[in-house]
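Subject: Structure for you to look at

Hello,

I am passing on the structure below, followed by notes on what was found in it. Please read the notes with the structure open.

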Amino acid sequence: SEALGPMQAKGLPKFPAVHRDIAMLVKDSFTAGEIAEALQDASKGLAESVTLFDLYLGDQIPDGHRSLAFRVTYRDPDATLTDKRVDKVHAGLAKIARERFEATLR
């Protein structure tokens, strides 16, 4: 077998991450994956990850809809994020969810 070169370790991030959740009621026709991708794209490069952590169907959810909740991990590789900056970007994600996916934020 071929020998692999030395393992390359990825450096630890210099600046802390900020986590924010966004929960929404959406039509079943939209996938969690396409919503997560759109939220990531709308983050202006600050979302390190967008992860679905809750999906709910059932009582109090209208037919043809589901409740999705995503955890967004924000990190700027070059600076410590301020709450004001994260709030502004996160509001942009909420706007995309409402406009592109007709989401009702919860």
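Which residue is the bridge partner of M24 in β4? M24 is partnered there by L105. Please keep in mind that the model is predicted.

The sheet

Two bridges connect β1 with β4 (residues 104–105), and the two strands are antiparallel. β1 (residues 18–27) is also joined to β3 (residues 65–74), by 10 bridges and again in the antiparallel sense. In that pairing, V26 lies opposite R66 of β3.

The whole sheet is open and has four strands, in the order β2-β3-β1-β4, with antiparallel pairing. β2 (47–56) and β4 are the edge strands, since each of them pairs on one side only. In general, the strands of a sheet are held in pairs by backbone hydrogen bonds, in a parallel or an antiparallel arrangement.

The helices

Helix α2 (residues 83–101) lies across β1, β3 and β4, and runs at about 15° to β1.

How far apart are the axes of α1 and α2 where the helices pack? The axes of α1 (residues 32–42) and α2 are 9 Å apart, and the angle between the helices is about 135°. The two are therefore oblique to each other. Their crossing is right-handed.

On the α1 side, the contact is made by E34, I35, A38, L39 and A42.

Two residues with positive phi

Q60 sits in the loop between β2 and β3. Its phi is positive, at about 70°, although Q60 is not a glycine. Is Q60 buried or exposed? Q60 has a relative accessible area of 78%, so it counts as exposed.

The other position is E102, in the loop between α2 and β4. E102 is not a glycine either, yet it has a positive phi of about 50°. With a relative accessible area of 47%, E102 is partly exposed.

To trace the sheet yourself, begin with β1, which has bridges to β3 and to β4. From there, go on to α2, which lies across β1, β3 and β4, and then to its packing with α1.

Regards

Notes. Residues numbered from 1 in each chain as written. Predicted model: local features only at pLDDT ≥ 70, side-chain atom pairs only at ≥ 80, totals over all residues. Heavy atoms only, no water. Axes fitted to C-alpha atoms, helices over the stretch in contact; angles between N-to-C directions. Parallel < 35°, antiparallel > 145°, perpendicular 65-115°, else oblique. Left-handed = near helix turned anticlockwise from the far one by under 90°. Contact = heavy atoms within 4.5 Å. Pairing = 2+ DSSP bridges. Buried < 20%, exposed > 50% of the residue type's maximum accessible area, 1.4 Å probe, protein only.
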